[in-house]
Amino acid sequence: MKKVFVIAGILTGLLFAGVSGEGHHAEHKHWGYSGSEGPKHWGEIDPKFRMCKFGVNQSPVDMTRFIEAKLPKLQIIYAGISQNVVNNGHTIKVTTQGKNEVVVDGIPFVLLQYHFHTPSENTINGKHFPMEAHFVHKSKDGEYLVIALMFKEGKKNRALEKVLTYLDPKVGHKQPLKEMFNPGDFFPKKLDYYRYDGSFTTPPCTEGVRWIVLKNAVEASKEQIAKMHKIMGSNNRPTQPLHARVILK
Ligand SMILES: [Zn+2]
């Protein structure tokens with residue numbers, strides 16, 4: 001009898017461990033953007049983050065050292081919706097649903113989510129933009145592709161206003177975006193882009209990510225960008241060395 005209770009006790013313990021693991025820093029140790037948790041130390045926080053320190057194809061980068069290339073027209077086929085918005089403690093993230101795809105190198109990549117950084121992470125000719133959005137896509141084979149979109153100060157951005165309207169700034173409070181809108185509503189008319197090979201800009205800094213950086217920024221109002229920054233703080237990893245890479249334009 002006693003034995004049974006011990007086993008039950010262990011099982012309960014495991015269950016609780018499982019449940020508490022659902023919290024917002026579930027899989028990884030704590031990392032951030034300043035002090036001992038900041039980007040300089042990411043590689044030391046967890047052995048799983050070692051690429052943050054030893055990788056040679058890291059993101060973000062400064063768009064420089066260009067090679068002229070005849071890059072094919074970007075085929076963005078977004079037919080789905082933006083679904084939920086959450087401040088996950090590192091960024092404001094919008095999850096998406098439905099058929100949102102981009103085809104690059106003949107491979108379809110499905111949009112998983114998009115999120116924001118203030119100021120921009122990638123820079124163009126050494127210049128930061130006040131905000132950058134990352135549209136994160138994954139292929140059937142588990143490869144990643146990110147489309148980066150820069151924001152500059154100007155007119156109020158209607159899609160961003162919807163995100164701000166439904167966002168609960170409290171960390172971890174996921175909210176449905178009650179007005180459905182296409183994630184492609186953010187994109188500029190002209191989809192000219194730079195391309196390079198990089199990584200996630202957050203731990204574990206996984207490499208092998210195809211980066212598409214749109215050349216044309218879109219506008220958002222000063223107030224909107226300030227609101228985003230107030231919630232997220234400065235959540236930009238500094239630009240990383242190019243090493244052997246070039247940027248295609
Ligand atoms: Zn990002």
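**Exercise 1.** Is His117 buried or exposed?

*Solution.* The structure is a predicted model. Step 1: a residue is called buried when its relative accessible area is under 20%. Step 2: the relative accessibility of His117 is 2%, so His117 counts as buried.

**Exercise 2.** Determine which residues coordinate the zinc ion and where they lie along the chain.

*Solution.* Step 1: the coordinating atoms are NE2 of His115, NE2 of His117 and ND1 of His134, at 2.0 to 2.1 Å. Step 2: written along the chain, these donors have the spacing H-x1-H-x16-H. Step 3: distant parts of the chain are linked by the pair His117 and His134, which are 17 residues apart. His117 belongs to strand S7 (residues 107-117), and His134 belongs to strand S9 (residues 131-139).

**Exercise 3.** Describe the start of helix H4 and its buried residues.

*Solution.* Step 1: at the start of H4, a side-chain oxygen of Asn157 comes to within 3.1 Å of the backbone nitrogen of Ala159. Step 2: H4 covers residues 158-166, and its buried residues include Ala159, Leu160, Val163 and Leu164.

**Exercise 4.** Identify the residues that touch the most other members of the largest nonpolar core.

*Solution.* Step 1: this core has 36 residues, and those touching the most other members are Phe116, Phe135, Ile147, Leu149, Phe151 and Phe186. Step 2: H4 supplies the largest share of the core, five residues. Step 3: beyond its neighbours within four places in sequence, Phe135 is in contact with residues including Tyr78, Leu111, Ile147, Leu149 and Phe186. Step 4: a second, separate core of 16 residues has Tyr196, Val209, Trp211 and Val213 among its members.

Terms used: Residues are numbered from 1 along each chain as its sequence is written. This is a predicted model: local features need pLDDT of at least 70, side-chain atom pairs count only at pLDDT 80 or more; totals for chains, interfaces and linings use all residues. Side-chain values use heavy atoms; hydrogens and water are left out. Donors are N, O and S atoms within 2.8 Å of the metal (3.2 Å for Na, K and Ca); water is not among the atoms, so sites may look incomplete. Helices (H or I, at least four residues) and strands (E, at least two) are DSSP runs, numbered from the N terminus. Buried means under 20% relative accessible area, exposed over 50%, partly exposed in between (1.4 Å probe, protein chains only). A polar contact is a pair of N or O atoms within 3.5 Å; within protein, one must be able to donate a hydrogen and the other to accept it, and residues adjacent in sequence count only if both atoms are side-chain atoms. A nonpolar core is a set of buried Ala, Val, Leu, Ile, Met, Phe, Trp, Tyr and Cys residues joined through side-chain atoms within 4.5 Å. Contact means heavy atoms within 4.5 Å.
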